[in-house]
Structures are given as structure tokens and as C-alpha cells.
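Hello,

Here is the structure I promised to pass on to you. My notes follow below it, and I hope they make a handy starting point.

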Amino acid sequence: MNPLACGLKSLQIQYHSPEEIASAIHRGDKAAETALIERYYRVVLYVLKKRTQDPDLARDLSQETFRITIERLRTEPLAEPGKLAAFLHSIAGNLCTAEVRKATRRQTYTGSEHVELYADQADDQFSRLERERAALSVRALLKELGNERDRKILQRYYIDELEKRDICEELALSDRHFDKVISRARTRFRELIESAGVNTS
Amino acid sequence: MLDHGKLPDDLVDKYVRHQLTADEIAEFEIRMLDDPQLFAAVQRAELMQQSFKAQAQAQAAAEPSHDHNFRYLPFRQWIRQPMSLAASVMLGIGVLLLANLSTQQSGTDGLQRGYGVNSVVSIGQTRSATGETVLPSGTHLLQVDVGISLSDASYMLSLSNDENTQTHQFQVTADGNGMVRMLTPANLQGRYQLQVQQQGSTDVLASYSLRFE
């Protein structure tokens, strides 16, 4: 079951804090369970995708995380309801670790390139479109830059992934100048992708 | 431990670039769960990073002659490369060895470079010169007038003390002006006789008295 497709809305009752959600779930409030998923699902999925590098596995583990959390909250309240996020994170992390261990034990070596090809094909079209729009935004951003040195700063930071102090030393920059260029680039990038319809909030 | 105040953008970049410790990552992700704006910032930062790399790859693909693998590294990064570090250490050792060798070679062996003398003494400048030549102890260059000869004559100079217990002999050749030269040993003390003989002859051509004090 995809939690986001369940159709239930928790808009009638607003849960403003993790404590409210945790307490309400323990009281048997189904709307609170939906609120839990709506509030945390995207970030849990993001974190698990980052760790597993496998979108399908990340989705499975995310659902398992929420299942375990809801069952736990129904039967026993959290000692610290305010630390609901930490509890979720811990469950997700443990499931991820257990899955990695299981995968290592049953690892086989058959046509790994076919597995990678399948993974590419399973890539979300929407995400691909997002990336294309973002790439165009970067191109526009670089074009707008007034001088070659600013372009070099961004190249060193985002492409070569050098540290700030190394870049400042190489290009004889002050920290302030570096921060200004990067901050302006971030702000402008955000403007460009939002105007291109890429929604990150 | 992360700063629990407002998280700066560079911390978001550090998270996206996997530059945080495991504990810092956990702390950051827990905060992200309860902060939608932070999560949005992370997604933007990730998208920005990916887009820059994609742009660089597209540019590199469009310029096939460009050497993608070559870039200048700042010195601090360059020196951290294992081969650069090894090369610098070897160079340093080489410089030290050369400096050490050069010091050893510049020793106090003065005989290969020159020899100092206390004085130059001309003996027998006039045929009627008599008397004793007094010299301080040390090395002296003695010039003896043996007369001009039409042939390249060789001479034997003998320097003997009065008791004949010490004799120094020198085989020399006269120059175009009829002069022969010799260096006296440095440790001479007392009276000595300098006799000049032609090589192969027992006849004494001239004899001079010297006193070293």
C-alpha cells in the first residue's frame, strides 16, 4: 500500500507538533497516523534512497519504517514524544542496516551490468525532467555571471568539489568574496528552477 | 556535534557532499525530518551539484580535444597526493646529501690548491757574495744563480746540516736566466750548507751557508 495514495486527509484536525501526533496515535486516532506519514514520509524516503542507492528498496523500507512506528505508538507511548523524528530515523537506520547484511549474505554475481541497466530504466521520468530543467538553469546561471573568476569559483566548488579554503588560496580570494559568490549562485539557482517549474519545497 | 542555531548553507553542502561524520549525518537528518525548509534546501543543493556536474560533462563531451583529466590543483591539495609527497621527500633528501658532499669536499687540504712560503731568497746573485744567509724557520723559496748554460742542464742541490746527519736533495733544471729554485723544508733549525752540483758530476760548483733560526 502506498501511504500517499490512501486518500485520507488529516486537514480537519491539525497536528502542530510531533508530541501531538505521537499522543494521538496512542489514543487510537487514525487521522494522526496519516498525519505522521504526510509529515515524515518524503524525508524518510529521501534518507533511505541516499543510503541504499536503490529506489525500490528505499520505498519498501520506508513503508516498513512507518508500519513499525505506528504499531509501536498504538501499543506503547514514546518515553519522549518530542523525539518522534529521532525514533523514526532510528527505525529506518536499523532496517537499512539489517537489509544490507541480508543482501551481503545472499549476494550472487550474475550479470551485474543487466541489473544496472534495469535500474536505469526504472528511473522516474519526472525526476529526469527535473534534472534537465535544473541543468538548463545552471547553464543560464553561468551565462549571467559577470566575470571568469566567479565562474571558476563555482566550477571549483561544485564540479571539482574542492574545500572553501583551497579555493580561496588558489584564486587569492577572501572568505567574504567566496561566500558572496556561492550565496548569490544558490539564490539565483533557486529563482531559475522555480521559474522553470521545479518544486523543491 | 552540529550547531543547533540556524544551520548555514555550507553545512547543507557538506551533507550533500558526504563530508559529515556519521553522528553529524544522523543529527542533521533528524533535524531535516522536522524542518521542511531544511529538507528543501538539501534538495536544491543536491540538484545544483548534480546540474553543475552534468553541465561540465556536457561541455567536455562537446570539446573532444580538451584533456578532461588535467587540472591544476592548489599547492596544498597537490602536496597531499601520495606521489607528489614522495617526490618532494626524495628531492629534499637529495638536496641534503648534495649539501653534505659539498661541505666535505671544501676541506682544509691546502696542498691541492697551493702552498704558502715565508720568503723568496736569492742566493749567489753576485759571484763575490760571501757570508751566511740567516732565515727564520719555515718554508722559503731559494733562488740560486748557477749561470746561463747553452744546454738544458740539470742540477742537484743538496742541503746538509753541519753534522751531516740530515741531507735534503733536490733535482732541478735551470731556467733561461740561469736560475734554479727550491723550497726549503719547514722544520729546519741551525746551520746548513747548500751545495750546487751539475747532475752526474761530483764537482761542487758552488756552496752557500745558511742558518735557520
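A word on terms before the notes: helices (H or I, at least four residues) and strands (E, at least two) are DSSP runs, numbered from the N terminus. Please keep in mind that this is a predicted model, in which local features need pLDDT of at least 70 and side-chain atom pairs count only at pLDDT 80 or more, while totals for chains, interfaces and linings use all residues. Residues are numbered from 1 along each chain as its sequence is written, and chains are lettered from A and ligands numbered from 1 in the order in which they are written.

Let me start with chain A. It has nine helices and zero strands, so by definition of those runs its pattern along the sequence reads α-α-α-α-α-α-α-α-α. Of its 201 residues, 26% count as buried; a residue is buried if 20 or more other C-beta atoms lie within 10 Å of its own, exposed if 12 or fewer, and partly exposed in between, with C-beta atoms placed from the backbone.

Gln53(A), in the loop between helix H2 (30-52) and helix H3 (55-75), has a phi near 55°, a positive value in a residue other than glycine. Gln53(A) is exposed, with 10 other C-beta atoms within 10 Å. Glu161(A) also has a positive phi, about 55°, and is not a glycine; this residue sits between helix H7 (148-159) and helix H8 (164-171) and is partly exposed, with 14 C-beta neighbours inside 10 Å.

Now for the contact between the chains. Two residues are in contact if their C-beta atoms, placed from the backbone, lie within 7 Å. Chain A gives 30 residues and chain B gives 27. On the chain B side, H3(B) supplies the largest share, 15 residues. By class, that side has 13 nonpolar, six polar and eight charged residues (Ala, Val, Leu, Ile, Met, Phe, Trp, Tyr, Cys and Pro count as nonpolar, Asp, Glu, Lys and Arg as charged, and the others, Gly among them, as polar).

Finally, the cores. A nonpolar core is a set of buried Ala, Val, Leu, Ile, Met, Phe, Trp, Tyr and Cys residues joined through C-beta atoms within 7 Å. The largest has 55 residues, of which Ile21(A), Val44(A), Leu88(A) and Val42(B) touch the most other members. H2(A) brings its largest share, ten residues. Apart from this core lies another, of 15 residues, including Leu159(B) and Val196(B).

Best wishes
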